[in-house]
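Okay, hi everyone, I'll keep this short. Let me put the structure up and then walk you through a couple of spots.

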Amino acid sequence: MTPAARVQMAIDLLDQVIAAARNRGAAADVILARWFAERRFAGSKDRRAVRGLVYDAIRLCGEVPVSGRAAMLAVAHAQPALADLFDGSRYGPAAIAEGEPVARQGVAPAWLEAAFEASGLDADERMALLDRAPLDLRVNRLKMTPDAVAALFDGAERLAFAPDALRLPEDMPVDRSDAYAEGGFEVQDAGSQLVSALAGAAPGMTVIDLCAGGGGKTLALAAAMANQGRILACDVDRARLSKLMPRAERAGVTIAETLLLNPAREAEALADWREQADLVVVDAPCSGTGTWRRNPEARWRLTPPQLDRYVDTQAHLLDVAARLVRPGGALVHIVCSLLDAEGAGQVDRFVAAQPGWATVPLDAPAGRPRGEGLRLTPLHDTTDGFFVAKLVRQC
């Protein structure tokens, strides 16, 4: 493919990504995978170049662009050499016309920029949300040691704030490793590993992972418990939850069981677990603003009403979780969000509404205090963005 043809292909792909963002369709990485699967003529260099152009445009545009061409024109404004490829050639984009729409550059839609500022994130912190994310592994100590896994990959780096974490060079094909197939490690952001560790799971505990999803934190909790005790992994998403037990088997985890819940009827399904848990972890559905490095088009999908729904869902789940904790037990609230409405504000609401609960200061090797919890950010901690808080039931 010619360089101009690559630009036109990126424009066509961006049109699909923009349409999906507006209509709650497939994520950008899924769209790109399908597109290239149907176009075998595009070689590996072509695919890599087109993918780079698409994500350059996504990261650059704060608002949803009017079109893929408008998004790519924004990239051309930032990278002037690219403008020469709008040459009207056979497979390339038409020449740039005077007054054409150009997408607005920025970190996020204006309403979200204001919400970030109100949540204490300055301009540098906000810009870092769109950096490229590193590749982190969590070593499964039930099967391997960090040193043994590090020896498998050139350039593997230990992270002091997450003792089971390794940071690898970008795009390393770790899923082809025999150690991965045998459950020696999982791909998991170091921030996610740290907030899982701060939950304080220990051998012999009864633990409920209320929003387990595909089980990344469940497996981390099981390793912290040395495979001793009991973990109930719950979720309302059947497809995601169905992936957990095969992952657990591969990881050698034998203490986990799953429970599919019905939305808004979680308490009924969990009636037998009332006041039984030493620890309940609520990794709640959220805006995902802390994961934009991996999913930058997610900021085009979020709306104020949707954020309000996330906040309501989190409040409901925390109330459900509170009934499951035994006296003296703990509840941990985790969101991969940097908005106070989902983090510090959510904890304040819980404490005000639930007598007999107290927050516990978190002594962590990374992050900074935010309200009654701890916040990790890409700029300060080189991790995804997270908020975590721990509460203890006193009576």
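Predicted model: local features only at pLDDT ≥ 70, side-chain atom pairs only at ≥ 80, totals over all residues.

The crossing itself is right-handed.

Who is touching whom? On the H1 side you've got Arg6, Val7, Met9, Ala10, Leu13, Leu14 and Val17. They meet Lys45, Asp46, Ala49, Val50, Leu53, Val54, Ala57 and Ile58 from H3. Sorted by class, that contact has 12 nonpolar residues, three charged ones and no polar ones.

Okay, over to the strands. S3, residues 165–168, pairs antiparallel with S1, residues 135–139, over four bridges. One to look for there is Arg138, bridged to Ala165 in S3. S3 also pairs antiparallel with S2, residues 157–158, over two bridges, and Arg158 has Leu166 as its bridge partner. S2 and S3 make a hairpin, with six residues between them.

Is S3 covered on one face or both? Both. Ala165 and Arg167 are buried on one side, and Leu166 and Leu168 are buried on the other. In general, side chains in a regular strand alternate between the two sheet faces.

Last stop, Pro173, in the loop between S3 and helix H8, 178–181. Its relative accessible area is 39%, so Pro173 is partly exposed. Pro173 and Arg158 are 15 residues apart along the chain, and their C-alpha atoms are separated by 18 Å.

Definitions and conventions
Residues numbered from 1 in each chain as written. Heavy atoms only, no water. Left-handed = near helix turned anticlockwise from the far one by under 90°. Contact = heavy atoms within 4.5 Å. Nonpolar A, V, L, I, M, F, W, Y, C, P; charged D, E, K, R; others polar. Buried < 20%, exposed > 50% of the residue type's maximum accessible area, 1.4 Å probe, protein only. Pairing = 2+ DSSP bridges.
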